[in-house]
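Please look at the sequence and the model together, and follow how the elements of the chain are arranged. The report below moves from the whole chain to pairs of elements and then to single residues.

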Amino acid sequence: MDIELSGARKTFIVESRELLQEMEAALLSLEKSPEDSDTINSLFRSIHTIKGSSGIVEVVSVERFSHAAESLLSKVRDGTIKITAHIIELLLACRDHIANLVDLAEAEIDDIPKDTLKRGDALTSALNAYLNGRDGG
């Protein structure tokens, strides 16, 4: 990895952790006020930024996984999908999974452990169930 990308990756790690904290706070806030459009928009911006930044610094695992979560939040934002306790729980699990992928990226571990891959697949399936009009629960 060249020095410039390495510095950008370090910045990505720090910023992603901050955005993940913001995501968690937003999701916990939505438990009390599920219709709060400002919080929903903030949550969308966080995942959108993580996804975009991960693409720039070539952290493909984060970019790919974040795409489905971003798509779900886009539909929540435009009112197509209503936020529920189950969606909040799912998105909290996605947030934790992204945090794990960011930790792996920081440690420069390219071979993602099988259990982590399996968890990501299960979460992606649940996200896709909502995106395809089926209850993810």
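From the N terminus on, the elements of the protein chain run α-α-α-α-α, and the secondary structure comes to 5 helices and 0 strands. Here helices (H or I, at least four residues) and strands (E, at least two) are DSSP runs, numbered from the N terminus. This is a predicted model, in which local features need pLDDT of at least 70 and side-chain atom pairs count only at pLDDT 80 or more, while totals for chains, interfaces and linings use all residues. Residues are numbered from 1 along each chain as its sequence is written, and side-chain values use heavy atoms, with hydrogens and water left out.

**The chain as a whole**

The C-alpha trace of the protein chain spans about 45 × 30 × 20 Å along its principal axes. With 137 residues, a compact globule would have a radius of gyration near 14 Å, and the 15 Å of the protein chain agrees with that; the radius is taken over C-alpha atoms, and the globule rule is 2.2 Å times the number of residues to the power 0.38. Of the 137 residues, 40% count as buried, where buried means under 20% relative accessible area, exposed over 50%, and partly exposed in between (1.4 Å probe, protein chains only). Among the contacts with a separation of 6 or more, 67% come from residues 24 or more positions apart, a contact being heavy atoms within 4.5 Å.

Two packed helices are described by the angle between their axes and the distance between the axes. Axes are lines fitted to C-alpha atoms, for helices over the stretch in contact, and angles run from 0 to 180 degrees between N-to-C directions.

| Helix pair | Axes come within | Crossing angle |
|---|---|---|
| α2 and α3 | 9 Å | roughly 155 degrees |
| α3 and α4 | 10 Å | roughly 160 degrees |
| α3 and α5 | 9 Å | roughly 25 degrees |

The contact of α3 with α4 divides into 12 nonpolar, 3 polar and no charged residues, where Ala, Val, Leu, Ile, Met, Phe, Trp, Tyr, Cys and Pro count as nonpolar, Asp, Glu, Lys and Arg as charged, and the others, Gly among them, as polar. On the side of α5, residues such as L123 and L127 are among those met by α3 residues including F65, A69 and L72, and this contact has 8 nonpolar, 4 polar and 1 charged residues. Among the residues in the contact of α2 with α3 are H48 in α2 and S74 in α3, and by class this contact has 9 nonpolar, 7 polar and 4 charged residues.

**Two serines**

Is S74 buried or partly exposed? S74, which is in helix α3 (residues 60-77), is partly exposed, with a relative accessible area of 28%. S74 and H48 are 26 residues apart in sequence and 9.5 Å apart in space, C-alpha to C-alpha.

S46 lies in helix α2 (residues 37-56) and is buried, with a relative accessible area of 3%. Not counting residues up to four places away in sequence, S46 touches L19, E22 and M23.
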